[in-house]
Amino acid sequence: MIWIFPALAGLLIVYFAARSSRFQRFAEPVLSLTVAGGLIIAFVIWINEGRNSPDSEPDQTKQQTQPALTPDDISVDGLTFTRNRPDTSYRATGTVANKSDFNLDYFRLSVTLEDCPQNQCRTLGEDTALILARIPAGQNQSFETYFTFPNRYGVEPTAPKWSYRVTEVRGRIP
């Protein structure tokens with residue numbers, strides 16, 4: 001209902017500006033400055049509300065509601081790599097076991113490929129895959145993903161050596 005007062009004031013200003021040229025000369029600059037000031041105040045309020053809104057503070061609440069899973073809470077077993085097309089791509093299959101009390105949503109698996117002929121290793125590349133694995137607490141599941149390593153030298157690895165680690169884990173309360 002408060003909108004009635006500005007609407008009535010606006011109608012009166014338009015009426016008097018149409019009837020009196022003296023009022024028109026006075027009202028035009030005053031109204032222009034008033035509208036500009038109102039827009040500046042609205043912009044400042046909009047900026048401040050964006051900074052202090054409840055949507056900008058969910059970092060603490062999300063951290064409190066997200067279970068504290070660590071890479072040690074899951075284990076990756078039986079990881080095997082097979083060459084895929086193109087030649088720089090490898091298909092990885094394995095089993096992930098959820099050893100925590102929380103349901104697993106996803107994890108990131110980082111893999112490093114080295115070529116180690118005669119025990120002299122040379123790193124060919126590293127890749128990380130996001131693996132969506134919805135695994136209940138205490139259970140395991142097989143997974144499949146793909147890794148790509150640049151073949152800078154144009155030579156296939158003669159003695160490939162794979163190393164991997166889980167770098168990020170995310171879960172939820174059961």
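Predicted model: local features only at pLDDT ≥ 70, side-chain atom pairs only at ≥ 80, totals over all residues.
**Basis.** I number residues from 1 along each chain as its sequence is written, and side-chain values use heavy atoms, without hydrogens and water. Local features need pLDDT of at least 70 and side-chain atom pairs count only at pLDDT 80 or more, while totals for chains, interfaces and linings use all residues.

**Helix α2.** I looked up Trp-46 and found it in helix α2, residues 21–52 (helices are DSSP runs of H or I of at least four residues, strands runs of E of at least two, numbered from the N terminus). Trp-46 counts as exposed because its relative accessibility is 57% (exposed is over 50%, buried under 20%, partly exposed in between, with a 1.4 Å probe and protein chains only).

I then checked the UniProt record, an unreviewed entry, which lists residues 30–47 as "transmembrane region"; such annotations may be inferred rather than shown by experiment. In the model, residues 30–47 are 100% helix and 0% strand, and the end C-alpha atoms lie 26 Å apart.

**Sheet.** I traced an open sheet of three strands in the order β4-β3-β6, with antiparallel pairing (two strands pair if DSSP finds at least two bridges between them). β4 (122–135) and β6 (160–172) are the edge strands; each has a single partner strand, so one side of each lacks a neighbour in the sheet. From one strand to the next, the twist averages 15° (axes are lines fitted to C-alpha atoms; angles run from 0 to 180 degrees between N-to-C directions).

Between β3 (residues 103–115) and β6 I noted twelve bridges, with the strands antiparallel. Asp-115 has Pro-160 in β6 as its bridge partner.
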